[in-house]
Amino acid sequence: MTRKRVVVAGLGDSGVLTAIHLAGHVDVVGISVKPGLVSGQELGTRLSRPDDWSRDYWVSFDRFRGLDGVRTVHGTITDVDLAARTLAVRSADDSTSVESYDALVISTGVSNGFWRTPTMQSPDEVRAGLLAAHERLAAAPSVMVIGGGAAAVSSAANVAGTWSEKKVSLWYPGERALPQHHIRTWRRVRGRLMDLGVQLHPGHRAALDDGFIGDEITTGSVTWTTGQAPASADAVLWAVGRVRPNTGWLPESVLDAEGFVRVNDQLQVPGHPGVFALGDVAASDPLRGSARNRADRLVARNVRAELAGRSLRGYRPRQRRWGSVLGVQPDGLEVFTPSGRPFRFPAWSIDRVLQPWIVRRGIYGGVRNRDSESSGVNS
């Protein structure tokens, strides 16, 4: 009996996990513009300590034991024929190929600033981008971080913690940052920011052009629509949340007004049996939380159920964001529940328990150690 083929379009955090859960049950083809998992998580660590970040968040596909049976394609999806169930893919040398599927999982994510882009990259290009942003901030005596989400808060904290001599400030439009987290989370994180010497500036909304996306670290003055005097810094990091879904290859009929993929409660695209979406690209709920609530297992189960003619299960979104905000700090890792209550992994446990056993073994099903061809910054 011929095995069914599932294409996973996009191998970011959600796509990799979905492919791992499907491997061994069906033939899986994963398509990615990156040369491995280049995570969108922990921007602060990525900017301030790129070696540490690369160790845990930049992993070549061949290191994942769970992807051993998955064929990965390094290319850009340019078109899809949902009726014929085929995808057109352009590789780095501009050659094109067609991938057919019995089921399709859309997990192409979003673009956000310079750290999450849909551009084709080689390992050398990923490495160069990491080092360029790090060195840019390292050379700046003063750093302004614009934005109130987790990426902005994490960046301000980690820059201040890594370079204590810098003047670091965080500017955000509301009365508090982290508006999608529980207020307890913000209160706790605010205390950490103040301990690190980060200057907090609530009630400042930056004046931005309609097409501004914050895809580079700038220098100079920032003006505000909220009436305050302009402010300036040697480096201005924009984390203003102007995300753009990577859905240019999809027909408008499957997208909502903002370009995200419409899905039902089972994370299936309405009107297209066998087509599912998850992660930041999926309009699953107001927070698009399927990227952070382990919907990868649900989608993998539903794909298999769809192919076998069984009933599908529904997705239950969270009402608030949760998880790590600042990333690993010298005293360990603090993770927040949806109710805003923290629990801590002590520093000694990060490399002995959390990463090797909970993350690499438990979540990813095994990750091989780097060899001489490592994709890390220092390789």
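A residue is called buried when its relative accessible area is under 20%, exposed when this is over 50%, and partly exposed in between (1.4 Å probe, protein chains only). Arg288, at 18% relative accessibility, therefore counts as buried. The model is a predicted one: local features need pLDDT of at least 70, side-chain atom pairs count only at pLDDT 80 or more, and totals for chains, interfaces and linings use all residues. Residues are numbered from 1 along each chain as its sequence is written, and side-chain values use heavy atoms, with hydrogens and water left out.

The chain holds 8 helices and 21 strands. Helices (H or I, at least four residues) and strands (E, at least two) are DSSP runs, numbered from the N terminus. The radius of gyration is 21 Å, which agrees with the value near 21 Å for a compact globule of 379 residues. This radius is taken over C-alpha atoms, and the globule rule is 2.2 Å times the number of residues to the power 0.38. The C-alpha trace spans about 65 × 45 × 45 Å along its principal axes. Of the 379 residues, 50% are buried. Contact means heavy atoms within 4.5 Å. Among contacts with a separation of 6 or more, 63% come from residues 24 or more positions apart.

The accessible surface of the chain is about 17300 Å², and carbon and sulfur atoms hold 48% of this area. Accessible areas come from the Shrake-Rupley method with a 1.4 Å probe; for residues, only the protein chains shown count as cover. There are 46 positive and 38 negative side chains, with the centres of the two sets 9 Å apart. Lys and Arg count as positive, Asp and Glu as negative; His and the chain ends are not counted. Each charge is placed at NZ of Lys, CZ of Arg, CG of Asp or CD of Glu.

Helix H3 covers residues 50-57, and its buried residues are Pro50, Trp53, Ser54, Asp56 and Tyr57. These buried residues pack against strand E3 (36-38), helix H2 (43-48), strand E4 (58-60), helix H4 (123-138) and helix H8 (347-363). Glu42 sits in the loop between E3 and H2. Its relative accessible area is 14%, so Glu42 is buried. Glu42 is not a glycine, yet its phi is positive, near 55 degrees. Most residues other than glycine have a negative phi.

Arg136 belongs to helix H4. Its relative accessibility is 26%, so Arg136 counts as partly exposed. Beyond four places in sequence, Arg136 touches Ile217, Thr218, Thr219, Asp234 and Ala235. Arg136 and Gln319 are 183 residues apart in sequence, and their C-alpha atoms are 37 Å apart.

Two strands pair if DSSP finds at least two bridges between them. Strand E10 (residues 142-146) and E11 run parallel and are joined by 5 bridges. Ser142 has Lys167 of E11 as its bridge partner. In strand E11 (residues 167-171), 4 of 5 residues are buried.

Strands E20 (residues 332-336) and E21 (residues 342-346) are antiparallel and pair over 5 bridges. Glu334 is bridged to Arg344 in E21. The hairpin has 5 residues between the strands, and Gly340 there takes a positive phi near 85 degrees. Gly340 is also one of the contacts of Thr185, together with Leu178, Val325 and Phe336, leaving aside neighbours within four places in sequence. Thr185 lies in helix H6 (residues 183-195). With 0% relative accessibility, Thr185 counts as buried.

Leu287 is placed in the loop between E18 and H7. Arg288 is also in the loop between strand E18 (282-283) and helix H7 (295-308). Phi of Arg288 is positive, near 45 degrees, in a residue other than glycine. Leu287 has 13% relative accessibility and so counts as buried. Apart from neighbours within four places in sequence, Leu287 contacts Gln180, Arg292, Arg318, Gln319, Arg320 and Arg321. His25 lies 262 residues from Leu287 in sequence and 31 Å away in space, C-alpha to C-alpha.

Arg313 is in the loop between H7 and strand E19 (323-324). Arg313 and Arg301 are 12 residues apart in sequence, with 8.2 Å between their C-alpha atoms. Arg301 is also among the residues that Arg313 touches, along with Asp265, Gln266, Leu298 and Asn302, not counting residues up to four places away in sequence.
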